[in-house]
Amino acid sequence: MTTDAPVLCEIDARGVATVRLNRPHRNNAYNGEMLQGLLDGVAALAADSSVRVIVLRGNGPHFQAGADLSWLREISRGDAAVNLEASRLTGQAVRAFNELTKPTIALVHGSTVGGGTGVLAACDVVIAQEDANFAISEARWGLAATVIFPQLNEAIGLRNVRRYALSCERFGAAKAMAMGLVHEVCAPGGLDAAAAPVIEGLLQSAPEAIAVSKHCAMSCAGALIDDAQFAELVALHSAKRQSAEAAEGLASFAQKRAPSWSVRS
C-alpha cells in the first residue's frame, strides 16, 4: 500500500496491527475512498491469523473530522442509488469495527467529529489525549447520524445522545470519559505509553476466548444490530442527505455562512 493511500495498515512482530487514517490535509475527514480503504483493511486484518490486536489512529493534527462535506455535497447531487451506497459504506465501516472478533483500541488526539465518534463507540478501548475534543455534528448541517446511533447509544447512553446529537455541542476528553465514550485520558504525547499496558493485557489473553467473550457480551447487551435494522438506518441516513434541509446546510458550509435555521442569541 502506498503512503498516500487514505488508510494505512501495518503489523508488528507481536501481531499488533496499526490502522492509520491518512487524509491529514482534510483532517482525516472521510470520503468514499477512505471508507472503502477502512473496510478492505479491516477485512484483511480480520482474516490474518497473525493479527492479535488492532490499533486505530489518525495522521496529522486530528483523529477524524467526520464526513468530508465537499464529498457529501457531490454525493447529494447524485441519484438515490448513489446516496444509498454512500450511506451503506458509512454504516458498514462502523459496523465492521463493532463486530470485529479481534480487540480494537482507538488512540485519539485533536478533534473527532460526526462519524468519527461512531467509530470510537464501536471500538473496544478508547484512549484520548486530555486536549482532545468531540462532537456529533450532523444535525448542524441538516443531516442525521442514524447509522452511528446504535453504537453511540451503547457507549454513552441515550440521554447523552439526545443532548449531543441534537445540540451538536463540542465536549472535551474529561466529559467524554465521564459519559463512557473514552476509557482513559492521558497527557498530550502520552497515547503510546497509555496504550502499552492495555495491549500487553490483550496479548496475554487467548485469541479465541477474546472473540467469544466479545461477541457474547455484545449479544447479551443487545449491542448487535440485525440486517433489517441496519438497512433502515442506511435508508434514513441517505434520505436525509437528499432533503432540502441538507442542501441548505451543505451550501451554508461551502459558502461559509450560517444556515437559514441558525438563530444567534
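Biologist: Which residues does G110 touch, not counting residues up to four places away in sequence?

Modeller: In this predicted model, G110 touches P61, H62, A132 and N133. The glycine is found in the loop between strand 4 and strand 5 (111-113).

Biologist: Is G110 buried or exposed?

Modeller: Buried means under 20% relative accessible area. G110 has a relative accessible area of 14%, so it counts as buried.

Biologist: How far apart are G110 and I156 in sequence and in space?

Modeller: They are 46 residues apart in sequence, and 20 Å separate their C-alpha atoms.

Biologist: I156 belongs to helix 5. How does one describe two packed helices?

Modeller: The description uses the angle between their axes and the distance between the axes. Here, helix 5 (residues 149-156) packs against helix 6 (residues 158-167) at an angle of about 120 degrees, and the axes are 7 Å apart. That angle makes helix 5 oblique to helix 6.

Biologist: Which residues meet in that contact?

Modeller: From helix 5 come F149, L152, N153 and I156, and from helix 6 come L158, N160, V161 and A165. Six residues of this contact are nonpolar, two are polar and none is charged.

Biologist: How many bridges join strand 3 to strand 4?

Modeller: Strand 3 (residues 53-58) is joined to strand 4 by three bridges, and the two run parallel. As an example, L56 has A106 in strand 4 as its bridge partner.

Biologist: And over how many bridges do strand 4 and strand 6 pair?

Modeller: Strand 4 pairs with strand 6 (residues 125-129) over four bridges, in the parallel sense. In this pairing V108 stands opposite A128 of strand 6. Going on along the sheet, three bridges join strand 6 to strand 9, and these strands run parallel. Q129 stands opposite C186 in strand 9.

Biologist: How many residues of strand 4 are buried?

Modeller: Strand 4 (residues 104-108) has five of its five residues buried. Which way they point can be read residue by residue: T104, A106 and V108 point one way, I105 and L107 the other way, and all are buried.

Biologist: Next, the rings. How many aromatic pairs does the structure hold?

Modeller: There are four. One of them joins Y30 and W71, with 6.1 Å centre to centre and 70 degrees between the planes, which is edge-to-face.

Biologist: Which parts does the pair of Y30 and W71 tie together?

Modeller: Y30 lies in the loop between strand 2 and helix 1, and W71 lies in helix 2 (residues 69-76), so the pair ties together parts that are 41 residues apart in sequence.

Biologist: Are Y30 and W71 buried or exposed?

Modeller: Y30, at 8% relative accessibility, counts as buried. W71 is also buried, with a relative accessible area of 12%.

Biologist: Which residues form one aromatic cluster?

Modeller: F134, Y164 and F171 form it.

How values were computed:
Residues are numbered from 1 along each chain as its sequence is written. This is a predicted model: local features need pLDDT of at least 70, side-chain atom pairs count only at pLDDT 80 or more; totals for chains, interfaces and linings use all residues. Side-chain values use heavy atoms; hydrogens and water are left out. Axes are lines fitted to C-alpha atoms, for helices over the stretch in contact, and angles run from 0 to 180 degrees between N-to-C directions. Angles under 35 degrees count as roughly parallel, over 145 as roughly antiparallel, 65 to 115 as roughly perpendicular and the rest as oblique. Contact means heavy atoms within 4.5 Å. Ala, Val, Leu, Ile, Met, Phe, Trp, Tyr, Cys and Pro count as nonpolar, Asp, Glu, Lys and Arg as charged, and the others, Gly among them, as polar. Buried means under 20% relative accessible area, exposed over 50%, partly exposed in between (1.4 Å probe, protein chains only). Two strands pair if DSSP finds at least two bridges between them. Rings of Phe, Tyr and Trp (its six-membered ring) pair if their centres lie within 6.5 Å; planes under 30 degrees apart count as stacked, over 60 as edge-to-face and the rest as tilted.
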